[in-house]
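Hi everyone, thanks for coming.

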Amino acid sequence: MSFSASREFVLVAGPNGAGKTTLFLAILGLLPHSGEVCVGGLCGGDRAARIGYVPQQIKTEINATVWEYVYLPAKFRKIRDARKAAEEALKTVDLYALRDKPLAALSGGQLQRAAIARALALDGDLLLLDEPLANVDPQGRVELLSLLREIKRERTVLMTTHELTMPSDLADKVLFLNKRLIAYGPPDEVLREEVLSRVYRYVRIAKTPVGYVCVTEDYGHHP
Amino acid sequence: MSASPRTTVTILEAAAGASLAAAFLHAHLYTPLLFWPLASLAMSAAVVAALSPLAVSRRMTFLAHSQGHTVLTAALAAAVPTAIFAGSLASPLFYLFTFVFMILLNLLVPVAEMLGLRRDVATGVVMSLQYVIILALLYVIRHFYAAVDPLLLITGEYVLITWRDVSTQIPLLLLAALFPAAYGIKYLYASVDENFARAVGVRVSTLDRLFIVSMSLAAAASVYAAGSLMPAILLVLPGAIAARYSHRLTEQIPLSVSVAAISTAVSHFLYTALPWLWPSAALGLVLLAFLLAAPRRRE
């Protein structure tokens, strides 16, 4: 596959096992891959220094405070003034007041925001978000979408999701994966029946005044 | 009103210093024969406890649990070549052989994983193998090297420890302490999020290997004084207790060391009051009491 993005918000969609997380791990340089991945002009292993990553699962079993979760990676990566970067990132996601709380005390939405703050503190050109809306309640979803709108102004964001129901002002581009690149382009061009039928069997998409709404057909008609 | 976590940490660290000072003063004034054994046990406990939070993190939990078997097997295996070449287990050769055998036994786990076994199953398989080796070695030692008492390899030669033993231990323990001092926080963070730690440049696989070497070194340095089971207990309990007192990742190692120091001091007084109780057993009992008295994890 080949695609490029510059200061754009790219929604990476596809069914389970399509390779969304694998794509992210390859971009991070954590999986062997052929071809070339360049971020901010860096194409070797040092490109990871330009990337912030928000994983799908956030472990809370190990003792760590919100501050340690966000600050320590910036310190490990020797970010200039890591302390200030962590403070600003926590203020951006509105978690600064909870910085001394253990991770285990946060709600699903707060955990996602902490993970986003951790990625922001690294001050990368590219932000990879692996299904940040999964396990988040409707209130958390609204807060996260608002935060994502703010973040996308300053960097390239790739966000995997199973949800195609999205506000139309969020994604600049949609990348459909199903073991390979199926389609890549602006939502109006990509969110079409012809493309969707190559990715999902029973899913249709409808455009409304506020965004795109995913429609699932009646399972009874498809034994 | 309950104390805040930071206050608790400060209290525990102060208590560690005070209780150890009291124990050393008591040993110096009233039980001089126990001064160097206490020094040996305190140093061993502190260094092994510094590794404990790393051992009980999710990355190495199975390995930590298996150390009781590994240390005993390695100590019994080391006793045979030591008896052949040096005669006495007080020889530095015993430390060297124990360390080498511990490394080999710990590396058997990743080797078993390469055969397609899950880490917990691989650890269980290696532990089963170690039981067989222990039985065989007990037979060999009893049959061919009657001068070596296998019981002392389990309980430790505590009361016979001298300055010479302590001076042999010091460089080994200092080397073992380098890993938690230099990489402890990074290694703990790898338990929180391995992929992220790797993405920010933490070499997790290299740290895994260094951890095994450091843990083996600390255990090998402690066996002669504390016995072969105590290092395994010290690898698990102080870290588990520290996790109950603080939810801060950066406080786990100092807290674990403080817990081990307090327990060593209390066990010294317990042993002098009840001489029939082995010092290592006294330390284990104090650690268990500490664990039961520790508050539940704050959230």
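A word on the model first: it is predicted, so local features need pLDDT of at least 70 and side-chain atom pairs count only at pLDDT 80 or more, while totals for chains, interfaces and linings use all residues. Residues are numbered from 1 along each chain as its sequence is written, and chains are lettered from A and ligands numbered from 1 in the order in which they are written.

So, the sheet. In chain A, six strands form an open sheet with mixed pairing, in the order E2-E3-E4-E1-E6-E7. Strands here are DSSP E runs of at least two residues and helices are H or I runs of at least four, numbered from the N terminus; two strands pair if DSSP finds at least two bridges between them.

Which strands sit at the edges? They are E2 (51-54) and E7 (181-185) of chain A, each pairing on one side only. E2(A) runs parallel to E3(A), residues 126-130, over four bridges, and A:Ile51 stands opposite A:Leu126 in E3(A).

Now, the contact between the chains. It takes 23 residues from chain B and 21 residues from chain A, where contact means C-beta atoms, placed from the backbone, within 7 Å. On the chain B side, helices H7 (163-192) and H8 (194-199) of chain B each give two or more residues. The largest share, five residues, comes from H7(B).

Conventions:
Contact = placed C-beta atoms within 7 Å.
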